[in-house]
Amino acid sequence: MKYNFNDIEKKWQDYWAKNETFKASNNSDKPKYYVLDMFPYPSGAGLHVGHPLGYIASDIYARYKRHKGFNVLHPQGYDSFGLPAEQYAIQTGQHPAVTTEANIATYRRQLDQIGFSFDWSREVRTSNPEYYKWTQWIFIQLFESWYNYDSNKAEHIDTLIKMFEAEGNANVNAACDDDINPFTAEEWNAFSETEKQDILLKYRLTYLAETEVNWCPVLGTVLANDEIVNGVSERGGYPVIRKKMTQWSMRISAYAERLLQGLDTIDWTDALKDIQKNWIGKSVGASVTFNVKDYDATIEVFTTRPDTIFGVSFMTLAPEHELVSQITTDEQKAEVEAYIEATAKRSERDRMADVKTISGVFTGAYAEHPFTKEPIPIWIGDYVLASYGTGAVMAVPCGDQRDFDFAKHFNIPIPNIFEGVDISEEAFASKDNVKIANSDFLDGMNYKKATKRAIFELEQIGQGEGKTNYRLRDAVFSRQRYWGEPFPVYYKDGMPQMIDEKHLPLTLPEVEKYLPTEEGEPPLGRADVWAWDTNTNTVCHSELVSESKGIYPLELNTMPGWAGSSWYFFRYMEEQANREEAFATEDALKYWENVDLYIGGSEHATGHLLYSRFWVKFLYDRGFVGVDEPFKKLINQGMILGESAYLKRVGVNLTFSGTEEIFANKIEATVGYGALKSLTKDEKEKLRKLQEKYSFIKEYFLDEDLLKHFKRDKNEDEKSKEIRDKFVDIALKNLNDELKEIGVYDKVRVSFTPLINNFNFYKTHVPIEFVNLKNELDEEALKKSNLGYENATFLTEKNEKFVVSREVEKMSKSKYNVVNPDDIVADYGADSLRLYEMFLGPLEQYKPWNTAGITGVHGFLKKLWKLYNDDNGSKVTDAEPTKDNLKTLHKTIKKVEEDIENFSFNTSVSTFMIAVNELTAQKCTSKEILEPLLVLVSPYAPHIAEELWEQLGHNESISTAPFPKFEEKHLVESSKNYPISFNGKMRFTLELPLDMSKDEIEKTVLAHEKTQEQLQGRTPKKVIVVPGKIVNIVG
RNA sequence: GCUGAAGUGGUGGAAUUGGUAGACACGUUGGACUUAAAAUCCAAUGGCCAUUAUGGCCGUGCGGGUUCAAGUCCCGCCUUCAGUACCA
């Protein structure tokens, strides 16, 4: 019998689907275990071999846990709102829902053929109304909540209103906007409804605010910070500018401290925790209030070094600081305004790129030192950011390098407040091993003591207090897109109103086009039927909007991608049948609690993984869920990289430059014929055609061996000269003739640089399917490929096959290095794919994909098959296992179990190989050995395991079989092959009984003839004997 | 700059608390089977030197150190990758 993997895999995938083998139950005597993957965005490109890596790992773990007797929840779904479907809709007019549906079908087919043990009955799709109904519901709960720092949790807004009614806001300790004025209970009760709502909005956990946002004009939308990479949009790489807009925001900053503290309670890698810690960016220090001299104003600053307060010699405000215009003196006004204008023009990116230039302007105003009462000049400078802290700093040049540089640059005094430290060259920024001097009551104290004392003294005079600052900003929650969750919000008197929960979901309206409107409104502005009728509580035609009739406009923005993904893990807990009444019932939430194991990419560290934790903490505060962290254990799988193939093409850019006239004007004319102003239109056109004609040179490709001849030095290699001459022949000579023919020979200088000085070579990716395992290019196939290689010439050193160069990089369509799992499954089977992805290396690591290597694991599966079958069918017998058989089996059980617990899947694959190699050599046919072996293999290669399991006479799925029990007794050895080393170097080995005493070992080893040979008559100084491990002889 | 991770054969990677470095694979070379190819099986495979089996020297990014013994621990560097950045 042959190992016919295609049939076997199909058979068992159908079996699992039909029997709902992996359906989880919300009611079980077994302990629960929840294994979750980060759900995919179903993109049009489908899966490549990198995508399933994490799914395979989690599937192995889920199957292992089932064998270990757990009730496992292992669901899958789709994060199906998102930009690509919308982009596609804009281009083609195809409704994103249609595209998404089609993509999901592809994904599902691809996932199914890999044999995952997902419980598909619990599938979720974030773009389904029955799902986003609850995303909208959570949004409403956030709107109806505020954060009370006294109870340190989110509370219903009613508790806040009660406080306002009883005593105003004086004693309210809340996370809120910073522009709130104090009011009394009487004042509150006298406010109009709109005034009240306006104030409450400043306290709500989701609020409308005019915020400076990252606006991407090409995409027509706002982007979150983590959607921007290197100043351009993560998707598409389009430029991003700063713009003020009214947007919904999430008050995640209220949770900064709890998000930080919570990290200590969860089992994530330190690397990932560090990323979140840095992102939250806690710094402890003090806020200090400086009075402005001769002006009724104060400047508040945040500092982490209140101990250096006597070292302050100036203050710097951000150019955008609100006080700047008020305090600037008349003499300085012009200069300050010019500076502000100049900085406003510079983009955030320019400011970031250019950190070395020191710039700033004196405002003419002075602040007063809180203790010495000395005047302190107030400057503005763009190194101070309006968005961090208070947008103002107290500058201590002796203790901060930026302040130091600023002071040096503008000749501001640099008082030294550190005992015995030289600050003539640079600031002393360390907190350690130094005492404060020249600082009145702080003299002689260290950092810790001085900080405490300074804060105490500031509090005494009412000009400061201890304070903690966080870098974490509130998250903008509005997107100007179509394909996202609509906000359940309408506007009455300009104030946002929530649609009552019982009328949810508010479903996406139809639009004609998926672009912003001509007026710049988001795509929903195009919807005809997009107004809220409060009489019927239904959506109605937008033209009917009338305040008097109770019909109001609906919100035009939609929610960002992270809205739906911030709570989906709770939705899986509930079975399809009970999803109507709640996002998940109390019973389901209580049973499954939170995710025990979460596997996904680390690129979500500051996005999804932070926002989810925030929403879960909120839901916990409000009593909707019973846990305050969503993911107990988290593992980041590394990326699988592609091995791109590329050719080096002769780089020529035929450019024409220089008449005397142009040179005289010192115009650099190297960018093609267009720069040549003295030519007539006709001549230019002729040159352009010429340029096109000669672009055929670009169709010459040289292999690596040939390229080695081209060295960047003067001593020309024979071979490179030969090739160069060839190109000069076919190009340059003729070219000059042609230029004469056109009649521009005197006006134009040909710049065919690569031919005259040195060749340049450019990388061009070629599809990896045109390259074989020896990196040889299939030239004919490439020429026929429609990729523009019809006339290509491939030059090689030895007139052999053209060999391409390789490079490991991220898999992407544009690099033609994508490997499709469908092909792998067809050629080698899903079990081979699963094993190979694990065998590649440690899960967390980045590693290159190389299809050639899969023959190793495929061969292993064939050997495994042959262990159970020969040409006549099953060869498994009831024979008593030998000692060696048992030893191999139990060694394998032990190792595999340890490996799975440690997520070291690569090493367990090699353990299987060793086991099968050993059992084959032992000619083992014993059922007692081969049966448990299948259970070990089954999480990794479930199809073959099921098939062989069935052959052994079982009629239930192997997934129900218990994991074999490891028994130490089979591994007990009576002897050990000791390595005998001399001065730490192993020279030979010696088989000795394990129960031999230390002294006896020493005696036996020393008496051995090889030992004597090594010692050559010397007496050993020392003999180290570690029983069961090693013998080392020193001397 | 700061924070974190990682550097081991031609390649992917093993090596539990310091105890035989290179497991398991890929690739390569040689051989068997075959008209041939594929498949399968066998053998060799870190480098250098020597060879009759036995052997010897070097070797885990670099330079030091601790130890009977270091890929592993300590100190100082270098390189790569990731996150973050005028964060006061």
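Started with a charge cluster: Arg613, Lys617, Asp628 and Glu629 are linked in a network of salt bridges. My cut-off for a salt bridge is a side-chain nitrogen of Lys or Arg within 4 Å of a carboxyl oxygen of Asp or Glu. By that rule I get 34 salt bridges.

Ground rules before going on. This is a predicted model, where local features need pLDDT of at least 70 and side-chain atom pairs count only at pLDDT 80 or more, while totals for chains, interfaces and linings use all residues. Residues are numbered from 1 along each chain as its sequence is written, chains are lettered from A and ligands numbered from 1 in the order in which they are written, and side-chain values use heavy atoms, with hydrogens and water left out.

**Overall picture**

I looked up the extent of chain A: its C-alpha trace spans about 100 × 90 × 85 Å along the principal axes. I find 34 helices and 39 strands in chain A; these are DSSP runs numbered from the N terminus, with helices being H or I of at least four residues and strands E of at least two. Of the 1035 residues, 52% count as buried. For the record, buried means under 20% relative accessible area, exposed over 50%, and partly exposed in between (1.4 Å probe, protein chains only).

The domain list, with bounds from an automatic or database assignment, has domain 1 (24-123 + 562-641), domain 2 (139-269 + 478-553), domain 3 (282-470), domain 4 (645-695 + 713-796), domain 5 (829-970) and domain 6 (975-1034). I checked one pair: the C-alpha centres of domain 2 and domain 6 lie 76 Å apart.

**Single bridges**

Glu897 and Lys68 meet through their side chains in a salt bridge at 2.6 Å, N to O. This one links distant parts of the chain, with Glu897 in helix H29 (residues 883-901) and Lys68 in the loop between helix H2 (52-67) and strand S2 (71-73), 829 residues apart. Lys68 comes out partly exposed at 34% relative accessible area.

Asp267 is partly exposed at 41%, and Lys633 is partly exposed at 21%.

Back to helix H29 for a local pair. Lys895 and Asp899 form a salt bridge, closest N and O atoms 3.0 Å apart. They are four residues apart in the helix, so about one helical turn separates them. Lys895 is partly exposed at 32%, whereas Asp899 is buried at 5%.

Lys863 sits in helix H28 (residues 854-868) and is partly exposed, with a relative accessible area of 41%.

Lys243 is in strand S10 (residues 241-250) and is partly exposed at 33%.
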